[in-house]
Amino acid sequence: GTFADIIYRNALLYPNKQAFIYGDMRITFSQFNSRVNSLIHALHDMGIKKGDVVGIISWNCQQFVDVYGASMKGGFIASPYNPRLTVDELDYVINYSETDTLFVGPELLDTIDILRPHLRNVKNFVLLEGSSPQMMTLHDLLISYSDQEPDVQTNEDDPTCIIYTSGTTGVPRGALYTQHCFIDDARTLAIDLGVQAEDKHLQITPQFHIAGNTWLRTFFYVGSCNIIHKFFDPEATLQTIQDEKVTHVSIVPTQLIAMLNVPEVEKYDTSSLKMI
């Protein structure tokens, strides 16, 4: 199948179960399906069709996942960009991917202001969080369009995402993933990790990175909850593990060291963790 099938299936099987937690937002699988449907209808109304590229430049957030979901279910190609890239590097990858619509995190507005004159293919700019006189907002799109199931057919061979390489030996290369690839690696990781529907994953790894992308999809694939942190904070991470009974977290060694160095680290209950 495709992730379009998984999004719809989860909404049917676990309608009232929490799919994502982001700050004060708690989004059920049914609500996520509705958000995705509304965004697909909005993009269609903006002239974006199956196979067109929608770019994302943002740090982790729920709205980032909404765009991923709309891409996978609507047949668009998501192209996430690393916010740490220089303006020249972003200029290259955004134009290289032929992005039609660009979703922007609020922290990147100044960067986009500099880039706008160079983004010759981008027709629409959408702010993921908050509001700005410079562009339309995702919130307005979600509340303005129907959440009915869209008339879109996705296939296993359809391209669904471009993940860029690090570009350590030259310019970054866009690796094109199909629906089949996204299903296959999520299923494989779910089996390898023994992920269960009652598990909870704390999303710290960047969503624009293949690691963060794959872990998020894996837990969604089995009907688990993803808890999203925009930025890494060692105390906030420990607090969330304790409060939400997190079972899985993917971090790098320097982050683990920072957590171990938190004063009175032993006061946090991390007994729910199955895997780091």
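Some ground rules. Residues are numbered from 1 along each chain as its sequence is written, and side-chain values use heavy atoms, with hydrogens and water left out. Since the model is predicted, local features need pLDDT of at least 70 and side-chain atom pairs count only at pLDDT 80 or more, while totals for chains, interfaces and linings use all residues. Helices (H or I, at least four residues) and strands (E, at least two) are DSSP runs, numbered from the N terminus.

I start with the sheet. Five strands form an open sheet with mixed pairing, in the order S2-S1-S11-S10-S12; two strands pair if DSSP finds at least two bridges between them. S2 and S12, residues 248-249, are the edge strands, each with a single partner, so one side of each has no neighbour in the sheet.

At one end of that order, S1 (residues 18-22) and S2 (residues 25-28) pair in the antiparallel sense over four bridges. Phe20 has Ile27 in S2 as its bridge partner. The hairpin has two residues between the strands, and Gly23 takes a positive phi near 60° there. At the other end, S10 and S12 pair in the parallel sense over two bridges. His201 stands opposite His248 in S12.

Now, what lies on this sheet? Helix H2 (residues 29-45) lies across S1 and S2 and runs at about 90° to S2. Helix H8 also packs on the sheet, touching S1, S10, S11 (225-228) and S12, and its direction makes about 160° with that of S10. Contact here means heavy atoms within 4.5 Å. Axes are lines fitted to C-alpha atoms, for helices over the stretch in contact, and angles run from 0 to 180 degrees between N-to-C directions.

H8 has a helix partner too. The axes of H7 (residues 179-193) and H8 (residues 210-221) come within 8 Å and cross at roughly 75°. That makes H7 roughly perpendicular to H8, a label for angles of 65 to 115 degrees. H7 contributes residues including Phe182, Ala186 and Leu189, and H8 contributes residues including Trp215, Thr218 and Tyr221. By class, this contact has eight nonpolar, three polar and three charged residues. Ala, Val, Leu, Ile, Met, Phe, Trp, Tyr, Cys and Pro count as nonpolar, Asp, Glu, Lys and Arg as charged, and the others, Gly among them, as polar.

Val195 lies in the loop between H7 and S10 (200-203). At 8% relative accessibility Val195 counts as buried, which means under 20% relative accessible area, with exposed over 50% and partly exposed in between (1.4 Å probe, protein chains only). Beyond four places in sequence, Val195 touches Ala190, Thr218, Phe219, Val222 and Ser224.

Thr237 lies in helix H9 (residues 234-244) and is buried, at 0% relative accessible area. A polar atom of the Thr237 side chain lies 2.8 Å from the backbone oxygen of Asp233. Not counting residues up to four places away in sequence, Thr237 touches Leu202, Ile204, His229, Phe232 and Met259.

Is Gln153 buried or exposed? At 58% relative accessibility, Gln153 counts as exposed. Gln153 is in the loop between H6 (138-144) and S8 (159-164). Leaving aside neighbours within four places, Gln153 is in contact with Lys50 and Asp158. The C-alpha atoms of Gln153 and Lys73 are separated by 8.5 Å, although these residues are 80 apart along the chain.

Key:
Polar contact = N/O pair within 3.5 Å; in protein donor to acceptor, adjacent residues only side chain to side chain. Parallel < 35°, antiparallel > 145°, perpendicular 65-115°, else oblique.
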